[in-house]
Amino acid sequence: MVETEMLYPLLALIGWTFVMWGWMYATRIPAIQKAEVDVDELSRTGAPLVLPPEVARVADNYNHLHEQPTIFYALVLCAAVAGAVDGMQTALAWGYVVIRIVHSLIQAVKNPIFLRFLVFALASIVLMILFVRTVFLMI
């Protein structure tokens, strides 16, 4: 039986990824228009698209939401399907989502590298604990 309470944080992070997708295009399209970038020329030449840092940071974060969180998605699905779920597991999953949202806001708004690193490290630790607990709950 699938433990559905673990799926809510997973869906929340997917939803947040779509929020960042919208934010990315809301900043990227006007920046491209303002810079009068010839996107056909970029496509033909493979030249890099250089945008202002405040625009690039949002796109960078959108890309980051397709990196480490993929482990989170697989892990949560594994835990839910295997029944390796308890209140702590669900709290860890929600904690990971909240930390990743904070990470997104830090990166997209000002991007202080050391603070962003600390938040990323915290998210990684939460994910590792979630992994270890999932393995032990499955045994």
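Predicted model: local features only at pLDDT ≥ 70, side-chain atom pairs only at ≥ 80, totals over all residues.

Colleague: At what angle do α4 and α6 cross?

Modeller: Roughly 25 degrees, and the axes of α4 (residues 69-82) and α6 (residues 113-138) come within 10 Å. Axes are lines fitted to C-alpha atoms, for helices over the stretch in contact, with angles from 0 to 180 degrees between N-to-C directions. Helices are DSSP runs (H or I, at least four residues), numbered from the N terminus.

Colleague: So is α4 roughly parallel or antiparallel to α6?

Modeller: Roughly parallel, a label for angles under 35 degrees.

Colleague: Which residues of α4 and α6 meet?

Modeller: From α4, I71, F72, L75, V76, C78, A79 and A82; from α6, L127, L130, F131, T134 and M138. By class that contact has 11 nonpolar residues, 1 polar and no charged. Nonpolar covers Ala, Val, Leu, Ile, Met, Phe, Trp, Tyr, Cys and Pro, charged covers Asp, Glu, Lys and Arg, and polar is the others, Gly among them.

Colleague: Is L130 buried or exposed?

Modeller: L130 is buried, at 1% relative accessible area. The cut-offs are under 20% for buried, over 50% for exposed and partly exposed in between (1.4 Å probe, protein chains only).

Colleague: What is L130 in contact with, beyond four places in sequence?

Modeller: M6, F72, L75, V76, Q89, L92 and A93, where contact means heavy atoms within 4.5 Å.

Colleague: Changing topic: how many salt bridges are there?

Modeller: The structure holds 2, counting a side-chain nitrogen of Lys or Arg within 4 Å of a carboxyl oxygen of Asp or Glu. In one, R44 and E41 meet at 2.7 Å, N to O. Both lie in helix α2 (residues 39-45), 3 residues apart, about one turn of the helix. R44 is exposed at 59%, and E41 is partly exposed at 35%.

Colleague: And where does D86 sit, relative to R133?

Modeller: D86 forms a salt bridge with R133, the closest N and O atoms being 3.0 Å apart. The pair links distant parts of the chain, 47 residues apart: D86 is in the loop between α4 and α5 (87-109), and R133 is in α6. D86 is partly exposed at 26% relative accessible area, and R133 is partly exposed at 24%.

How values were computed: Residues numbered from 1 in each chain as written. Heavy atoms only, no water. Helix = DSSP H or I, 4+ residues; strand = E, 2+ residues; numbered from the N terminus. Parallel < 35°, antiparallel > 145°, perpendicular 65-115°, else oblique.
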